Amino acid sequence: MKIQEIKAKDLRPKKFIEEKVREIREIVGDGIAISALSGGVDSSVVTALAHKALGKKLKTYFIDNGIMREGEPKKVASLFKELGIPVTIVDARAAFFNAMKGITDPELKREAITQTFYKKVFRDLVLKSKATVLLQGTILTDVEETAAGIKRQHNVFAQIGIDPKKAFGYKISEPLVQLRKDGVRKVGMALGLQKSLFDRIPFPGPALAARVIGDVTPMKIALVRKATVIVEEELKKAKAFQYMAILHEDRVTGMRAGKRDFGLQIEIRCWDSIDARKATPTRLPWQTLERIAGKILSGVPGVVSVTYNVATKPPSTIEAI
Ligand code: XMP
């Protein structure tokens, strides 16, 4: 079924919210729904929308999969508490790291994360809470890239012929699927979300695992997480669409304290884009890049090389995996 796009310029947020509230109530009926909040723009907007529709009949979970950014689970839960939306943090770190162990292929890595979310963690939560519907923040760009075979987005099923009810045992509802990121932000603002939630840079479902090339281990995630703190802090005023640090698999020769150090490489990416379909690297001031490099070289153990990506999307993609 073709999804009818609603362009941000044509979107009437209030009307959209009213319609979606009605639809969510209809789908959930007398039952209970769960929302899988990741703190990203899309899942935050879906959670606020579903809370408006369902109130106490919505259970919101933040899955701590071990691959989130620094302090993210607690930060997101406390922002939602301010909105009167209770969030339960579920510690699923071991399940995700076990599932990703030894996997180097990007699509297999994405698949391992997807399966752990939907077949294990959400299924357990659905069974425990007796929910019948899982609400999630899939947007049109996710569907298009998955359907085109560019990247298997972790949250796309029906559109590529997978029936979630059959595959996982519960229904999935996607109220934002007609929108792109710019439209989602408009809805978030109209719902009264804090600017720090609806206006934050996009962050992918596979989280920091999308930024580790090669197999994912807790140690590599800790390194890329540290570099991410530096990059996000330094670039938050850059007015860019998205920015990130990527940990490469290849090592290069460096030197430290007069000795050879066969060390790690971090790549910085910073993108200008409207809706993530096309993107160009931001022309950052050289001083900014130098400052970031210095902080990464001194603050992230084992790194001897820092690079800045100057390729456009396409042929690049925004995330590395
Ligand atoms: P790419 O890397 O495909 O990313 O150019 C386009 C936009 O989508 C985000 N992204 C994802 N979002 N699940 C998501 O919810 C995913 O699996 C996923 N992969 C990429 C990415 O951060 C960028 O904003």
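In this predicted model, helix α10 (residues 218-235) packs against helix α11 (residues 286-299). Their axes lie 10 Å apart and form an angle of about 155°. An angle over 145 degrees counts as roughly antiparallel. The two helices, α10 and α11, are therefore roughly antiparallel to each other. The crossing of α10 past α11 is right-handed. On the α10 side, the residues in contact are Lys226, Ala227, Ile230, Val231, Glu234 and Leu235. They meet Thr288, Arg291, Ile292, Lys295, Ile296 and Gly299 of α11. Sorted by class, this contact holds six nonpolar, two polar and four charged residues.

Helix α8 (residues 181-190) packs with α2. Here the angle is about 40°, and the axes are 10 Å apart. The crossing of α2 past α8 is left-handed. From α2, the contact draws on Val41, Asp42 and Val45. From α8, it draws on Lys181, Val184, Arg185, Val187 and Gly188. Four of the residues in the contact of α2 with α8 are nonpolar, one is polar and three are charged.

Helix α8 also packs with helix α1 (residues 13-28). The angle between α1 and α8 is about 85°, with 9 Å between the axes. Angles of 65 to 115 degrees count as roughly perpendicular. That makes α1 roughly perpendicular to α8. Pro13, Phe16 and Ile17 of α1 make the contact with Lys186, Val187 and Ala190 of α8. By class, five residues in this contact are nonpolar, none is polar and one is charged. Val187 of α8 is listed in the contact with α1 and also in the contact with α2.

A search of the whole structure finds one cavity of 30 Å³ or more. The volume of the largest cavity is about 720 Å³. Its lining is made up of 39 residues. Asp142, Gln153, Phe203, Pro204 and Gly205 lie nearest the centre of this cavity. Four elements each supply at least two residues of the lining: strand β1 (33-37) and helices α2 (41-54), α5 (106-129) and α6 (140-147). The most comes from α5, which gives four residues. By class, the cavity lining divides into 16 nonpolar, 14 polar and nine charged residues.

The largest pocket has a volume of about 720 Å³. There are 27 residues in the lining of this pocket. Closest to the pocket centre are Asp199, Arg200, Ile201, Lys236 and Tyr243. Two or more lining residues come from each of α3 (72-82), α9 (195-198) and α10. Of the elements, α10 gives the most to the pocket lining, with six residues. The lining of the largest pocket has nine nonpolar, three polar and 15 charged residues.

Helix α2 packs with α8 and supplies at least two residues to the lining of the largest cavity.

How values were computed:
Residues numbered from 1 in each chain as written. Predicted model: local features only at pLDDT ≥ 70, side-chain atom pairs only at ≥ 80, totals over all residues. Heavy atoms only, no water. Axes fitted to C-alpha atoms, helices over the stretch in contact; angles between N-to-C directions. Parallel < 35°, antiparallel > 145°, perpendicular 65-115°, else oblique. Left-handed = near helix turned anticlockwise from the far one by under 90°. Contact = heavy atoms within 4.5 Å. Nonpolar A, V, L, I, M, F, W, Y, C, P; charged D, E, K, R; others polar. 1 Å grid on protein atoms, 1.4 Å probe; cavity = no way out; pocket = protein on both sides within 12 Å on 5 of 7 lines; lining within 4 Å. Points joined across faces, edges and corners; volume = space filled by probe spheres on them.
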